Amino acid sequence: MKLVGFLLITASLVLGVAAAPTAYLPSLDLPDEELIGLTLNSSAGAQMPDPPPSDPTAAGEPIANQDDELTAELLATLRSAGVERVRVKEFSFARWSGKWLFLLAVAGLIGGAALVRIDMRKRLAASKEAQADAPAAESPAGALAAITEAIEGLRRDLPHMTTDHDREAAIVERLTEAQSVHVPAFVEGRERIIADHGLGGFAELLDRFAAMERQINRAWSAAADGVYEESADCLERASALAEETAKLLNG
Amino acid sequence: MSDKPDPPPPATPNPDTPPTEAGRIGGALPPSSTGLFNPRYREVTVASIIFGLIVGAIMNAAITYAGLKIGFTIVGSAIAAVLGFGVLRGILRKGTILETNIGQTIASAVNTPNSGVIFTVPVLFLLGFSLSPTGIDFWLITLACVAGAILGCAFIIPLRKQMIDIDRLRFPSPTGVAVILKSPGAGAAKSIVLVAGILLGALIYLPVGAPDLGGPGYGSIGWTMPAETLAEAPTDPDASNLTLRVDRDRNGEPDPILTNTSFDLGRFLGLPDQLQLVFAIAPFALGAGYITGRAGLLVLAGGILAYFVLNPLVYSMGWAPETIRAHEAPGYAFGAFNRPLGIGLLLGGALMGVVFALPAIKEAMKSIASASFGARKASSDELGLKVLVVSVLAALLLLFLAADFVGNNPVNVTDPISEVKLTGDEAPDDQPTTTYKSYTLAFAGQDTLDQWDALPEEEREAYAEANNLTPGWLSWMNPHVRALIIALVGAAWIWFAGIIIAQCAGMTDWSPISGMALLTVVLVLLLSGAGAVLGAVLLGAALCVAITCAADMMGDLKTGYLVGSQPRRQQIVELLATGIGPIVCMLVLATIVAVNMKSTGIPIGPGTPTVAPQAQALEAVITGVQGGEMPYALYGIGALLGALLGIGAFPGLGVLVGLSVYLPFLYISTYGIGCVINMIVVKVKGKRWSEDWGVPFAAGLVVGEAILALIINLTVLAIG
């Protein structure tokens, strides 16, 4: 269903974009009274000058120029030269030959969007059911638990290390793992979180999660810069924020 | 100043640092330091501020010159980040990751406003206005741009949580900058990869930039179309004897397939002329595409829709004038259809994005309000609402004053009767004014004003028509009320356009600044009247500066997020520094104009070394509005498509497609290669490997080009 939805959206977009230019390109098949008085926004028609140019690849001279007003005589000249459409400055829904194609494209986009949304809901429901069976690390809760464990592990182990250098190295090493593996894993579970908590709840949860992640990032930077005290304080704050995030996730 | 007296010169965890008491772990939760200066960990320091201001001003000057010459600007943050390492960590031996980040934040805040200025202000010179630092109009425009810069930064701050914390937009270049900043702590191997990327980026770009210094470029290789002569020789001895397929410019030489800046694969493969498969030689686009990854393929898809479906259709259906030849069709279709449709798609997509993001925006605002007034006030990491409100009100007041002043300024530069010039050194001192069709007209003296009053109405009408003095939507209002409404609408537009630009930059790294600049000036012209060009450009410049600053602020905050910088500190330094940018840029512009006048007699544009391509595009739009040529319906059609695209897959889809329809294909194609390479690397080596090793290398490509381009521009600027 999702594939059909996306194909419908793509086809409708192509159709809509293709139909759009004709909004300003009235057909010269229209009666004169609908065209007379319109102003050209591009030149129209082509004729070879007399004498013809020496370069056989020359494109010729336009029959009418931009800003020329369409008159009965000019229309007749353009039609006799085989010109089918001209680009004008004025828009009229009635003159727009591609309007039905465009409306079809609009319907297609709405239909495609509906199919994608229905499929998305079904998949979310299915993923919710499967969540219990999924390995813990793959779920947002599992990823958060892993991040929390990285922070708590550091809080446990750091006091037992002998030098700040060892502590800083441990912080950089373990937080790198959390930053590059567990944080992205948590974020990839956004659809599950939205399904469980709604958009508002998701936003509130991510607000806390992001605050925690920033403290982790700061702890990493401070450790890399050799400012251990700052790094340790950031870990403390990250720990409290991880707890808040977990409460929101489980609440 | 509360810097730590003797901080260590760290690059990796320092083995010499003395141990602290049990690692300070456990006990009560320490409050976050919210002052501007952090006594323990170097972040905002005097060194970082001075560094940022100097580097920002230098970049601003060089990039202003480059922008006026080639039409687009280059990434400043990445350059500042690399220079920050050299200066703060290398020379001063005490910079930290966060201090370098603050340095690059200030530098880009000073540099960025130039995009908004150079896309708009030069159009005044093209339209015959004169500006110089000795005149009030110059400083009025500068003041409006300063107001715009502050307004843009202040407006985007409340959206930080929504875009960065909640929507987690990728922001490829700011992500690359974060990689650069973190490289010392990430280990030597990653630093080597980063440096390798920088060197390769510079090496690839060298033949692109070298011709500006008189050196050889890629075009010197001489890879051209195979000669193919006409069956019949032209009778004109000056005409080319080659077919149009191989010699489009009719200069008698086969066209190059490889130029100094691009590779035309379409011509190499023999594709029909209306299909232009061209790749820009642009390492930054390649790197940005890699960092964006699979999501960037949507940009490529949009480009294919525009340039391989719509444009060939326009040609094959006879929708282009008959005098347009196949190879000219893409250029014609771009101006006539792609641009309005693309900007419309962007607008609709962004509007839908805002609608879908409302819960996140509401939550972000709630969080900021709570941090400003509520329980989390004491430990707030975010600039409070009070400061933001004051900044917005102050900037609004400046915008109103500028709009009010310019709205009541005469719109004519010559006397309507005697045609005596009313500006410049020889302008008469006393210039009486009158109001006609809500426009203020100035006269060289009372006698010509009396003659004007005595003219028959038809003649005054004819003058008004010849000078495009058509009334705007708000012309019927009291001028002060009109100025107030224009300021308010302008502020709302800044907010919306800032979101569009930040979303585009966040998702793809591309910012449609010039497109937004065009729309901004159109909006002001519609409100105030097509004849009020000076006012429209003044407000347009302010709004464009605001939009660019909003996008830059968001990018810097993303970098700050990734390195753990406190948003509040970044926001404060950015708000304080950004107003300097327009002043530097306007003074550089005035210098360039003075030099051009001396050497060519032309202030700017064709006939000078600074052709100001974007200002020429804006000039075409202004004359288009005055001549009724704007295809408003196409903007609307595009907006509807963009909005509907957003209700399907994800809200930003319309923005991505719109951006790609609007951008030149040669950059999209190179960007697309970067996206595809990322997907292949992820498939072969895994996502972690791609992030750990591929992203630093890609960031290096972005920076390598930017640094070399800056060096070349500075050299050209210095030696003229």
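Visitor: What does Arg174(A) count as at 28% relative accessibility?

Guide: First, a caution: this is a predicted model. Now the cut-offs: under 20% is buried, over 50% is exposed, and partly exposed lies in between. Arg174(A) has 28%, so it counts as partly exposed.

Visitor: Which residue forms a salt bridge with Arg174(A)?

Guide: Asp157(A) does. The closest N and O atoms of the two are 2.9 Å apart. Asp157(A) sits in helix α5 (residues 140-157) of chain A, and Arg174(A) in helix α6 (residues 164-188) of chain A. The two are 17 residues apart, and the pair links distant parts of the chain. Asp157(A) is also partly exposed, with a relative accessible area of 28%.

Visitor: How many salt bridges does the structure hold over all chains?

Guide: The total is 30. Eight of these salt bridges are counted between chain A and chain B.

Visitor: Which residue does Lys687(B) meet in a salt bridge?

Guide: The partner is Glu188(A), at 2.9 Å, N to O. Check the chain letters. Lys687(B) lies in helix α26 of chain B and Glu188(A) in helix α6 of chain A, so this pair joins two chains. Lys687(B) has a relative accessible area of 47%, so it is partly exposed. Glu188(A) reaches 54%, so it counts as exposed.

Visitor: Are Arg42(B) and Glu99(B), which pair in a salt bridge, buried or exposed?

Guide: Arg42(B) is buried, and Glu99(B) is too. Their side chains meet at 2.8 Å, N to O. Arg42(B) lies in the segment before α1 of chain B, and Glu99(B) in helix α3 (residues 97-111) of chain B, so the bridge ties together parts that are 57 residues apart in sequence.

Visitor: Which residues do salt bridges with shared partners join into one network?

Guide: From chain A come Arg218(A), Glu229(A), Glu230(A) and Asp233(A). From chain B come Arg40(B), Glu43(B) and Arg569(B).

Visitor: Now the interface. How many residues does the contact take from each chain?

Guide: Chain A gives 96 residues and chain B gives 94 residues. Together the chains bury about 7,700 Å² between them. Of that area, 61% is on carbon and sulfur atoms. Arg214(A), Arg218(A) and Asp225(A) supply 9% of the area that chain A buries against chain B, more than any other three residues. Arg218(A) also belongs to the salt-bridge network.

Visitor: What domains does the assignment give for chain A?

Guide: Domain 1 is 2-112 and domain 2 is 134-250. Their C-alpha centres lie 58 Å apart.

Visitor: How is chain B divided?

Guide: Domain 1 of chain B is written as 41-213 + 327-409 + 476-715, and domain 2 as 412-453. Here the C-alpha centres lie 39 Å apart. Eleven residues of domain 1 of chain B are in contact with five residues of domain 2 of chain B. These two domains bury about 520 Å² between them, 42% of it on carbon and sulfur atoms. Zero salt bridges are found across their interface.

Visitor: How far apart are Gly197(B) and Val703(B) in sequence and in space?

Guide: They are 506 residues apart in sequence, but 8.3 Å apart in space, C-alpha to C-alpha. Gly197(B) lies in helix α9 (residues 188-209) of chain B. With 0% relative accessibility, Gly197(B) counts as buried. Set aside neighbours within four places in sequence, and Gly197(B) is in contact with Phe697(B), Gly700(B) and Leu701(B).

Visitor: Finally, the surface. Which residues make the nonpolar patch?

Guide: Val46(B), Ile50(B), Ile54(B), Ile58(B), Leu714(B) and Leu717(B) make a patch of about 460 Å². Two helices of chain B, α1 (46-70) and α26 (687-719), each supply at least two of its residues. The largest share, four residues, comes from α1(B). Take Val46(B), which is found in helix α1 of chain B. Its relative accessible area is 40%, so Val46(B) is partly exposed.

Key
Residues are numbered from 1 along each chain as its sequence is written. Chains are lettered from A and ligands numbered from 1 in the order in which they are written. This is a predicted model: local features need pLDDT of at least 70, side-chain atom pairs count only at pLDDT 80 or more; totals for chains, interfaces and linings use all residues. Side-chain values use heavy atoms; hydrogens and water are left out. Patches are made of residues with over 30% relative accessible area and no salt bridge: like charges are joined within 9 Å, nonpolar side chains (Val, Leu, Ile, Met, Phe, Trp, Tyr) within 5 Å. Accessible areas come from the Shrake-Rupley method with a 1.4 Å probe; for residues, only the protein chains shown count as cover. A salt bridge is a side-chain nitrogen of Lys or Arg within 4 Å of a carboxyl oxygen of Asp or Glu. Buried means under 20% relative accessible area, exposed over 50%, partly exposed in between (1.4 Å probe, protein chains only). Domain bounds come from an automatic or database domain assignment. Contact means heavy atoms within 4.5 Å. Buried area is the accessible area (1.4 Å probe) that two parts lose on being put together, summed over both.
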